[in-house]
Amino acid sequence: MEHGTDRMHALFAFEDSVILATNIERLMAEQNYDKKKFAEVAGITRPTLLKLLRGEGDVKLSTIRKAASALDVSICELFSDPPAVASSRKHL
């Protein structure tokens, strides 16, 4: 059963990384940031931003905190269902 638990953890981690990336990209677009400018304002490297947007690997909490601050949102907001997903889940 432990193997199944590992699979569930990986699935949730993947879903979280997709939600995080989707929200960051959406908020960047709403605030007219390109990747280069956003990385500069957030104080992260462009390769780190690209890794974050692709949902690759473990991202440091400090990086997520910097992204949230640059976007003027809470960390919780970055992990909340994007508006389109949230509204479609209400109809389930």
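Helix α2 and helix α4 (residues 61–71) pack with their axes 9 Å apart and at an angle of about 105 degrees, where axes are lines fitted to C-alpha atoms, for helices over the stretch in contact, and angles run from 0 to 180 degrees between N-to-C directions. This is a predicted model, in which local features need pLDDT of at least 70 and side-chain atom pairs count only at pLDDT 80 or more, while totals for chains, interfaces and linings use all residues. Residues are numbered from 1 along each chain as its sequence is written, and side-chain values use heavy atoms, with hydrogens and water left out.

**α2 with α4**

- The two helices α2 and α4 are therefore roughly perpendicular to each other, a term that covers angles of 65 to 115 degrees.
- Phe38, Val41 and Ala42 of α2 make the contact with Lys66, Ala67, Ala70 and Leu71 of α4, contact meaning heavy atoms within 4.5 Å.

**α2 with α3**

- The axes of helix α2 (residues 35–42) and helix α3 (residues 46–54) come within 9 Å and cross at roughly 110 degrees, and α2 and α3 are therefore roughly perpendicular to each other.
- On the α2 side Lys35, Lys36, Phe38 and Ala39 take part, meeting Arg46, Leu49, Leu50 and Leu53 in α3.

**Thr63**

- Thr63 belongs to helix α4 and is buried, with a relative accessible area of 10%, given that buried means under 20% relative accessible area (1.4 Å probe, protein chains only).
- When residues up to four places away in sequence are not counted, Thr63 touches Ile44 and Thr48.

Key:
Helix = DSSP H or I, 4+ residues; strand = E, 2+ residues; numbered from the N terminus. Parallel < 35°, antiparallel > 145°, perpendicular 65-115°, else oblique. Buried < 20%, exposed > 50% of the residue type's maximum accessible area, 1.4 Å probe, protein only.
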